[in-house]
Amino acid sequence: MATQNTKTLARLMMAPSVLLLLVWMIVPLAMTLWFSFQNYNLLNPANVSFTGFFNYEYFYTDPAFFQSIWNTLVIVGGVLLITVVGGIAIALLLDQPIFGQGIVRILVISPFFVMPPVAALIWKNMIMHPGYGVLADIAKFFGLRPVDWFAQYPLFSIVVIVAWQWLPFATLILLTALQSLDGEQKEAAEMDGANFFNRFIYLVLPHLARAITVVILIQTIFLLGVYAEILVTTNGGPGYASTNLAFLIYRTALLGYDVGGASAGGIIAVVLANIVAFFLMRAVGKNLDR
Amino acid sequence: MGSITLRQVSKVFGEAKVIPSIDLEINDGEFVVFVGPSGCGKSTLLRLIAGLEDVSGGQILIDGKDVTHAAPAERGLAMVFQSYALYPHMSVRKNIAFPLKMAKMEQSAIDKKVEAAARVLNLTDYLERRPSQLSGGQRQRVAIGRAIVREPSAFLFDEPLSNLDAALRGTMRLEISDLHHQLKTTMVYVTHDQVEAMTMADKIVVLNRGNIEQVGSPLDLYKSPRNLFVAGFIGSPKMNFIDGAYAQSRSARTAGIRPEHLGLSKDSGTWRGTVKVAEHLGADTFLHLDVDGIGPITARCDGEFGAYHGDTVYMTPDESKLHRFDDKGLAIRG
């Protein structure tokens, strides 16, 4: 991009895609905003009228509202914790030279290719089911009473399933970062008398900081909207115990046919996502500029 | 104290015998340079001494103590790596302090040692910077600083100057030599550059294919190389090797004469040759000649000699400085 000429040309060439992206983003957002101020129910679609902030008030006073926000944060936080810690641990193991390294790596990555509803169904019926799940069999083997995961620990179960799906992603990113660590630095630390633990704390972890940041930011984007796993397992219950904001919006829109209320919920979700993004960037964003 | 003894040390990587068997004695306070072409096993040998590689056989003794199976940190050695291997997220101060911190030294004592090392290496103004904000020479000094604060019994240098430009390399060469005179600690230095070896070493170890070709002081190696390999490796420009009738007349398979031991003249001499390329360095001129009945010869002459491409030049080898080698490539003495 050296001359004025190429700059202008570049802008011209980029304009269509920028425009498309802008429209793609602005139109749905504007429509959602518009609907959120309308009294618009699919059971009575002819009767649409302006209601001001009623939809927001209605959504806000929903007894499930605060719980759903809390649940959203628990899912994001819990999955991030498990995937980052577990991802670092698995990446450290995979970085060692072992027999059958290629196959092991493919096996570790594979959960990422299983689509969320399928993964959730497998967990629901084959692993966590109190009657014929693997965990129930293990419990019975030790003479314990099988746990009915989705009834007793619904939110925890969701977190485990989602974490299982995202662990390969975190592992993959962290493994590549780990492999870019200079071998001579490790040797220098070894000569300097740092044991494995110290090498991890003072050398490996700072080296991974940027990769961890990327993992956290990308995963947060997707984890704020976890939905399929909830739908096929607990359906948000028992009560509202495993309902997050995305699922609450779905409930309002497609079970309550309340487009206006759901739109208000959507806008609230956007605001919440921006608040999370703000704090996240303050917390870990500085790792990105180096 | 820092004497290092290698007894029949060998190293095998899978099928490849990188180092068949090496015996070597490094005395306390000596500056020893391992030199050889790439792949000769010099870096592997250094890493064996450091403990970064396990020996396949033999013994390594430091100050008479068997450390063959000791961990790198337990050997009391410090190493400076080719890439400097500084910790990028730590300031210069923290980099230098790292080994002391790992040794669980008190913070006040650490500060004192770091300041002292920084003074010796002219790094005082840079202590709070990150390695990425330093120049190549400064990074090199930080790496050395990290080594000297540990007060090791010996320093190991693995091609430390090969990432620097020519001018800086000359300066750092002097600084490392100077440091050796100050500290009087054993230093083992690996390089492929025979100039570094000649200028810095007390003792040069010439390695080739994992074997020691010759051990000796720089001038020993220059004056009486034990075989063709050492003769060709030490000295720049390289020694001329002459086979055939001329060598036979001196009862040798190969005769060797250094470029600086050829007397040049424009009108008479033993050999007559044509200048192919003349490299004028100012003080010296290197002439690459095609000599009748002998072949290509390199000669070194005074910068004022004034010979150019295509000129005819006569030269007379200094017979007292002639090296003779037998069928096995070993030097014939006497």
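Reply: V80(B) stands opposite F157(B), which belongs to β7(B). Strands here are DSSP runs of E with at least two residues, helices are runs of H or I with at least four, and both are numbered from the N terminus. The model is a predicted one: local features need pLDDT of at least 70 and side-chain atom pairs count only at pLDDT 80 or more, while totals for chains, interfaces and linings use all residues. Residues are numbered from 1 along each chain as its sequence is written, and chains are lettered from A and ligands numbered from 1 in the order in which they are written.

β6(B) and β7(B), the latter covering residues 154–158, run parallel and are joined by four bridges. Two strands are taken to pair if DSSP finds at least two bridges between them. These strands belong to an open sheet of six, ordered β6-β7-β8-β3-β9-β10 in chain B, with mixed pairing. Its edges are β6 (77–80) and β10 (211–216) of chain B, each of which pairs on one side only. From one strand to the next, the twist averages 20°; axes are lines fitted to C-alpha atoms, for helices over the stretch in contact, and angles run from 0 to 180 degrees between N-to-C directions.

At the β10 end of the order, R209(B) occupies the loop between β9 (203–208) and β10 of chain B. R209(B) has a positive phi, near 50°, although R209(B) is not glycine. K104(B) sits in the loop between α2 (92–102) and α3 (107–120) of chain B, and K104(B) is exposed, with 7 other C-beta atoms within 10 Å.

A second open sheet in chain B has three strands in the order β11-β12-β18, and its pairing is antiparallel. β11 (240–242) and β18 (323–325) of chain B are at the edges with a single partner strand each, so one side of each has no neighbour in the sheet. In this sheet the twist averages 25° from one strand to the next. Three bridges link β12 (residues 254–257) of chain B to β18(B), and the two run antiparallel. Across this pair, A255(B) stands opposite R324(B) of β18(B). The loop between α8 (228–233) and β11 of chain B holds P237(B), and the peptide bond from S236(B) to P237(B) is cis, with omega near 0°.

Another strand of chain B, β14 (residues 271–280), contains H280(B). H280(B) counts as partly exposed, with 14 C-beta neighbours inside 10 Å. Apart from neighbours within four places in sequence, H280(B) is in contact with T285(B) and G303(B); contact means that the C-beta atoms of two residues, placed from the backbone, lie within 7 Å.

In the domain assignment, chain B is divided into domain 1 (4–231) and domain 2 (240–325), with bounds that come from an automatic or database domain assignment. The centres of domain 1 and domain 2 of chain B, taken over C-alpha atoms, are 38 Å apart. Four residues from domain 1 of chain B and four residues from domain 2 of chain B make the contact. On the domain 1 side, the residues are three nonpolar, one polar and no charged. In this classification Ala, Val, Leu, Ile, Met, Phe, Trp, Tyr, Cys and Pro are nonpolar, Asp, Glu, Lys and Arg are charged, and the others, Gly among them, are polar.

For chain B as a whole, the secondary structure comes to nine helices and 18 strands. The C-alpha atoms of chain B fill a box of roughly 75 × 45 × 35 Å along the principal axes. Of its 334 residues, 40% count as buried. Among contacts in chain B with a separation of 6 or more, 63% are between residues 24 or more positions apart.

The partner chain touches chain B through 13 residues of chain A and 15 residues of chain B. On the chain A side, α9 (183–191) and α10 (196–223) each supply at least two residues, and α9(A) gives the most, with six residues. That side has five nonpolar, three polar and five charged residues.

Notes:
A residue is buried if 20 or more other C-beta atoms lie within 10 Å of its own, exposed if 12 or fewer, and partly exposed in between; C-beta atoms are placed from the backbone.
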